[in-house]
Amino acid sequence: MKVAERRTEDAGPGFAYVYDLFEFDAGDVRYVARSYVEEPNEAHFLRKEVSGEALLIDESDTRSDLFVEAVRYLRGKGKSVIQYLSEAEEGYVSVAP
């Protein structure tokens, strides 16, 4: 697994969001997660990318080796609340500890 981390900021009139973006790669699959600086114990998986195509994560992804390694990495960074964006649930779903 290759991991890329970078701090990013989204800003507009009257707001600014600073967050860390994590990309976990293995071959042609990538998972992308975000952790807001003001919520340092939380991380949210936003999507997976397969051969460059962005897709939502489904429950079966949570059992993949790459996803499991990514969760372990985030927990090692102090993220105790981890969720993923699910199309089936129409929102975020918690990853079991």
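Student: In which element is the place of Ser86?

Tutor: Ser86 belongs to strand S6. Strands are DSSP runs of E with at least two residues, helices are runs of H or I with at least four, and both are numbered from the N terminus. Please note that this is a predicted model, in which local features need pLDDT of at least 70 and side-chain atom pairs count only at pLDDT 80 or more, while totals for chains, interfaces and linings use all residues. Residues are numbered from 1 along each chain as its sequence is written, and side-chain values use heavy atoms, with hydrogens and water left out.

Student: Does Ser86 count as buried or exposed?

Tutor: The terms rest on relative accessible area: buried is under 20%, exposed is over 50%, and partly exposed lies in between (1.4 Å probe, protein chains only). Ser86 counts as buried because its relative accessibility is 5%.

Student: With which residues is Ser86 in contact, leaving aside its neighbours within four places in sequence?

Tutor: A contact means heavy atoms within 4.5 Å. On that basis Ser86 meets Leu56, Ile57, Gly91 and Val93, its neighbours within four places in sequence being left aside.

Student: Which polar contact joins the side chain of Asp20 to another side chain?

Tutor: The partner is Arg7, at 2.8 Å. Asp20 is found in strand S2, residues 15-26, and it counts as buried because its relative accessible area is 15%. Apart from residues up to four places away in sequence, Asp20 touches Arg6, Arg7, Ala33, Arg34 and Ser35.

Student: Where does Tyr73 lie, and what does it touch?

Tutor: Tyr73 is in helix H1, which covers residues 65-76. At 27% relative accessibility, Tyr73 is partly exposed. Residues up to four places away in sequence not being counted, Tyr73 touches Met1, Val3, Glu5, Phe22 and Phe24. A polar contact of 2.3 Å joins the side chains of Tyr73 and Glu5.

Student: What is the phi of Ser51, and what is that of Glu90?

Tutor: For Ser51 phi is near 50°, a positive value in a residue other than glycine. For Glu90 phi is positive too, about 55°, although Glu90 is not a glycine. Ser51 lies in the loop between strand S4 (42-50) and strand S5 (53-55), and Glu90 in the loop between strand S6 (81-86) and strand S7 (91-94). Ser51 is exposed, at 58% relative accessibility, and so is Glu90, at 74%.

Student: How many helices and strands does the protein chain have, and in what order do they run?

Tutor: The protein chain has one helix and seven strands. From the N terminus on, the order is β-β-β-β-β-α-β-β. The radius of gyration of the protein chain, 13 Å, is close to the 13 Å that the globule rule gives for 97 residues, so the chain is as compact as a globular protein of that length. That radius is taken over C-alpha atoms, and the rule is 2.2 Å times the number of residues to the power 0.38.

Student: What percentage of the 97 residues is buried?

Tutor: Buried residues make up 36% of them.

Conventions
A polar contact is a pair of N or O atoms within 3.5 Å; within protein, one must be able to donate a hydrogen and the other to accept it, and residues adjacent in sequence count only if both atoms are side-chain atoms.
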